[in-house]
Amino acid sequence: MSQPTIIQDADYLQNNQYKSSANLDARAALHRRFRTAVTPWPVWVFDQLGLQEGTAVLECGCGPGWLWRENVARIPVNCAITLTDLSPGMVAEAETALSHAGHDFRFQTANIQELPFPDERFDVVIANHMLYHVPDLAAALGEVRRVLKGDGRFFAATNGQNHLRELWRIGRELWPAEDSPPHRLVTAEWTLSFRLENGAEQLTAVFLQISLLRYDDHLAVTEVEPILDYLFSSSFTGDETRPAPETIARVRQKLAQQIARDGAIHITKDTGLFNCFGS
Ligand SMILES: C[S@@+](CC[C@H](N)C(=O)[O-])C[C@H]1O[C@@H](n2cnc3c(N)ncnc32)[C@H](O)[C@@H]1O
């Protein structure tokens, strides 16, 4: 196991980055507002799960429960859905939003590396954009396999190397100093430990059959502030790393000119979902 990065530091994740959904929401807003795909991501993911009446589901790293909030009217009857996250703040938000939604939802703070559930409890386990936060991926996948029934399915969403590449280029203009932590995060260190390019290789340690479903989308962004909000919400180390006001003003002006000239700033997305079963 290599040295955990800041985006794998449990204390930072629980008490800072994901203490509440505020940072995640700034990023989700860019996708929600400027996607070109017809189907929103949470609806597309739900469509892949193939839930049926009575399916027992576990979501690890559920955040504020958006997957279920967006699809609540489409959940089959008698499904038992357990939502877990490392961050108690996220679990509380999911619980507030869903506990009266009319389905059998359960909520628990839990680390995917040590799941507090018996063997072979679930038909479906979901890890949506969270495995790259896990320092010991082998332990996490072992736990997922243990709590899944023999014929159960695991769905793991992540991004590829090209995801949001134009956005990170803007990040490098905001933090040009090569030795600054944000600059390192928006360049080499940003390579995710679990990504579309290496996910299947890691999943084959535990699952027999793996297929990758890709979500076809790109962003056409027509406002500057949501781009800056996205970058400032990311895993940087707080106000002391905020660029100088004149740097922000220069980047803001450049982006506004680009939108005025081209109509939008186009941002590549590279996102998908591994569908895994068998052992
Ligand atoms: C990028 S967010 C995704 C949230 C949600 N799945 C979604 O797509 O909206 C990652 C989530 O994983 C959680 N997380 C990070 N490490 C975790 C771990 N080891 N076990 C469980 N959850 C974890 C974070 O607290 C955060 O809520």
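First, the term: a crossing of two helices is called left-handed if the near helix is turned anticlockwise from the far one by less than a right angle, and right-handed if it is turned clockwise. Please keep in mind that what you see is a predicted model.

With that term in hand, look at helix 7 and helix 11. Helix 7 covers residues 165–174 and helix 11 covers residues 245–262. The crossing of helix 7 past helix 11 is right-handed. On the helix 7 side, the residues that meet the partner are Ile-170, Glu-173 and Leu-174, and on the helix 11 side they are Thr-247, Ile-248 and Val-251. Sorted by class, this contact has four nonpolar residues, one polar and one charged.

Strand 1, residues 56–60, runs parallel to strand 4, residues 122–128, and four bridges join them. Within this pair, Leu-58 is opposite Val-125 of strand 4.

Two loop residues on either side of strand 4 come next. Glu-120 is in the loop between strand 3 and strand 4, and His-129 is in the loop between strand 4 and helix 6. Glu-120 is not a glycine, yet its phi is positive, about 50°. His-129, also a residue other than glycine, has a positive phi near 55°. His-129 counts as buried because it has 20 C-beta neighbours inside 10 Å.

Next, Ile-267, which is in strand 8, residues 265–268. Ile-267 is buried, because 23 other C-beta atoms lie within 10 Å. What does Ile-267 contact, leaving aside its neighbours within four places in sequence? The contacts are Leu-164, Glu-166, Leu-167, His-218, Leu-219 and Val-221. Asp-217 is 50 residues from Ile-267 in sequence, and their C-alpha atoms are 9.5 Å apart.

Asn-162 also relates to this part of the chain. Asn-162 and Ile-267 are 105 residues apart along the chain, with 9.8 Å between their C-alpha atoms. Asn-162 belongs to the loop between strand 5 and helix 7. With 13 other C-beta atoms within 10 Å, Asn-162 is partly exposed. Beyond its neighbours within four places in sequence, Asn-162 is in contact with Thr-268 and Asp-270.

Last, the ligand. How many residues surround the ligand? There are 20, and the closest are Tyr-18, Gly-61, Gly-63, Leu-86 and Met-130. By class, this shell is made up of 11 nonpolar residues, eight polar and one charged.

That is the end of the tour.

Terms used. Residues are numbered from 1 along each chain as its sequence is written. This is a predicted model: local features need pLDDT of at least 70, side-chain atom pairs count only at pLDDT 80 or more; totals for chains, interfaces and linings use all residues. A residue is near a molecule or strand if its C-beta atom, placed from the backbone, lies within 6 Å of it. Ala, Val, Leu, Ile, Met, Phe, Trp, Tyr, Cys and Pro count as nonpolar, Asp, Glu, Lys and Arg as charged, and the others, Gly among them, as polar. Axes are lines fitted to C-alpha atoms, for helices over the stretch in contact, and angles run from 0 to 180 degrees between N-to-C directions. Two residues are in contact if their C-beta atoms, placed from the backbone, lie within 7 Å. A residue is buried if 20 or more other C-beta atoms lie within 10 Å of its own, exposed if 12 or fewer, and partly exposed in between; C-beta atoms are placed from the backbone. Two strands pair if DSSP finds at least two bridges between them.
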